[in-house]
Amino acid sequence: MMVFAAEFDPQPMHLDEVAARATMMGGLCASGWYVCSILMRMIADAFVLDSSSMGAPGVDEVKWLLPVRPDDEIRLRATVADVRASNSRPDMGFVKFNFELFNAAGQRVMTLTTSLMMGRRDPKSVAP
Amino acid sequence: MKFFEDVVVGERFEVGRHTFTTDNIKAFARRFDPQLFHLDEAAAARSHFGALCASGWHTAAVWMRLMVEHQRREDDARRARGEPVAVLGPSPGFRELKWLKPVYIGDTITYSTEVIETRASSSRPGWGLMTIRNTGVNQKGEPVISFISVAFVERRKRAA
């Protein structure tokens with residue numbers, strides 16, 4: 001948490017235990033960008049590296065709902081919200097995911113909605 | 001940070017610039033986004049990106065770093081002028097993040113931020129919410145990243 005914060009988000013609430021207590025977060029917490037990056041790593045290990053992923057054009061929305069604290073164990077739930085073919089590229093489609101991160105107490109700490117670009121099984125068989 | 005009351009919709013400022021190197025692209029990708037087009041030049045050349053490119057999360061995280069440094073410089077200047085400094089609070093999130101073009105090795109990205117909305121916080125009396133549009137443009141002038149984020153900004157204390 002603090003290694004990431006030192007490099008990318010050096011604010012007191014992410015780096016300094018004492019100073020963090022005086023902030024709105026009430027104590028040390030992870031940078032939201034760190035939680036996003038960890039989510040990326042979790043989905044890479046869970047399925048993206050073993051898929052036809054072609055990256056993502058962006059992220060519809062991220063909500064940082066609750067702070068992630070040191071030693072919090074987080075769990076990720078992925079829900080496929082939509083699957084559609086690309087109009088412009090017959091070799092790929094978009095898979096829209098709703099991701100929800102939970103802490104050990106079962107509280108939702110972050111939600112993230114994004115569409116991943118995925119290669120299609122047999123592009124040649126797809127009518128243009 | 002300036003106080004919420006002094007934040008003006010439409011104000012725009014350059015946040016900073018960063019050059020993405022092979023080493024820092026791969027170091028980020030190894031930790032957080034180990035897809036081959038972020039890690040391996042040969043595999044990236046065969047991908048639809050055509051060459052090794054940075055994880056989009058890396059491009060976003062660099063904005064955060066530059067924003068924190070920008071605010072720190074601004075706050076130092078305020079203190080030097082004897083002005084009070086307001087607290088820039090946490091962010092409840094962001095939306096409409098678009099990775100518009102890949103960020104390739106050696107690209108220098110210039111980040112800018114524009115205030116697009118301000119409103120008082122209904123749940124936290126001492127705070128306002130500032131909505132900003134953040135963009136990154138490469139050395140050719142092509143936009144590579146854009147997103148809209150929200151952050152809490154401290155309000156000026158009312159005179160008793």
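The following legends describe close-up views of a predicted model.

Local features are reported only at pLDDT of at least 70 and side-chain atom pairs only at pLDDT 80 or more, whereas totals for chains, interfaces and linings use all residues. Residues are numbered from 1 along each chain as its sequence is written, and chains are lettered from A and ligands numbered from 1 in the order in which they are written.

**View 1. The contact between chain A and chain B.** Chain A contributes 27 residues and chain B 23 residues, contact being defined by C-beta atoms, placed from the backbone, that lie within 7 Å. On the chain B side, helix H3 (56–80) and strand E2 (93–99) each supply at least two residues; helices (H or I, at least four residues) and strands (E, at least two) are DSSP runs, numbered from the N terminus. H3(B) provides the largest share of that side, seven residues. The side of chain B that touches chain A comprises 13 nonpolar, six polar and four charged residues, with Ala, Val, Leu, Ile, Met, Phe, Trp, Tyr, Cys and Pro counted as nonpolar, Asp, Glu, Lys and Arg as charged, and the others, Gly among them, as polar.

**View 2. Strand E1 (residues 58–64) of chain A and its pairing with E2(B).** These strands pair in the antiparallel sense over five bridges; pairing requires at least two DSSP bridges between two strands. Lys63(A) stands opposite Gly93(B). E1(A) is also joined by five bridges to the antiparallel strand E4 (residues 108–119) of chain A, where Thr111(A) is the bridge partner of Lys63(A).

**View 3. The hairpin of E3(A) and E4(A).** Eleven bridges join strand E3 (residues 92–102) of chain A to E4(A), and the two run antiparallel. Val95(A) in this view stands opposite Leu116(A) of E4(A). Five residues lie between the strands of the hairpin, in which Gly106(A) adopts a positive phi near 85°.

Technical notes. Contact = placed C-beta atoms within 7 Å.
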